[in-house]
Amino acid sequence: MKTILVCCGSGVATSPQVTNKVNEYLASVGLDGYAKATPKPIETAKSTIESDPSIIVYIGIAPANKELQEVLDEHDVVGMVGLPWLTGMGQDEANERIKEIVEKYRLA
């Protein structure tokens, strides 16, 4: 099972909201058996990515800073911004991107 790491400030409000929407989408397209979104506080993002090889996508409320982007690149994790799931603007495109990434790993 692959993981989509969703991080915001403390991991108790915004990230669970985005997590729920991503997981609902994965279920709606039959990919919930291959990947799941999990919320975490932003301060744990770097160490979580470094220690969990199942992570394939990082969703942050803001773009990754330079240090986090280096970790994403090093571990071949796709970085995304979570605003489409919060605002609804661009959510279809963001969902399609998630689908493409999960299917890439499912077929590998």
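Reader: So, D76 first: is D76 buried, partly exposed or exposed?
Author: D76 has a relative accessible area of 48%. Buried means under 20% and exposed means over 50%, so D76 counts as partly exposed. Keep in mind that this is a predicted model.

Reader: Okay, and where is D76 found?
Author: D76 sits in the loop between α3 and β4, and β4 covers 78–81.

Reader: What's the phi of D76 like?
Author: The phi of D76 is near 55°, which is a positive value in a residue other than glycine. Most residues other than glycine have a negative phi.

Reader: Let's go to α3, then. Which residues in α3 are buried?
Author: L68, V71 and L72 are buried in α3. They are on the same side of α3, because they cover an arc of only 100° around the axis.

Reader: Why would residues a few places apart end up on one side of a helix?
Author: An α-helix has 3.6 residues a turn, so residues three or four places apart point the same way.

Reader: And which exposed residues does the face turned away from the buried side of α3 carry?
Author: That face of α3 carries K66, D73 and E74, which are exposed.

Reader: Which elements give two or more residues to the lining of the largest pocket?
Author: Those are α2 (45–51), β3 (55–60) and α3 (66–74).

Reader: How many residues line the largest pocket, and which lie nearest its centre?
Author: The lining has 13 residues, and I42, A45, Y58, N65 and L68 are the ones nearest the centre. L68 also came up among the buried residues of α3.

Reader: How does that lining divide into nonpolar, polar and charged residues?
Author: Eight are nonpolar, two are polar and three are charged.

Reader: You mentioned α2. What about K46?
Author: K46 is in helix α2, and K46 is partly exposed at a relative accessible area of 33%. From K46 to Q69 you go 23 residues in sequence, while their C-alpha atoms are 9.3 Å apart in space.

Reader: What lies over the face of Y34, then?
Author: R106 does, at 5.3 Å from the ring centre of Y34.

How values were computed:
Residues are numbered from 1 along each chain as its sequence is written. This is a predicted model: local features need pLDDT of at least 70, side-chain atom pairs count only at pLDDT 80 or more; totals for chains, interfaces and linings use all residues. Side-chain values use heavy atoms; hydrogens and water are left out. On a 1 Å grid over the protein atoms alone, a cavity is a set of points where a 1.4 Å probe fits but cannot get out, and a pocket is an open set with protein on both sides within 12 Å along at least five of seven lines; lining residues have an atom within 4 Å of a point. Helices (H or I, at least four residues) and strands (E, at least two) are DSSP runs, numbered from the N terminus. Ala, Val, Leu, Ile, Met, Phe, Trp, Tyr, Cys and Pro count as nonpolar, Asp, Glu, Lys and Arg as charged, and the others, Gly among them, as polar. A charge sits over a ring if NZ of Lys or CZ of Arg is within 6 Å of the ring centre and within 35 degrees of the ring normal. Buried means under 20% relative accessible area, exposed over 50%, partly exposed in between (1.4 Å probe, protein chains only). The arc is that of the directions from the helix axis to the C-beta atoms.
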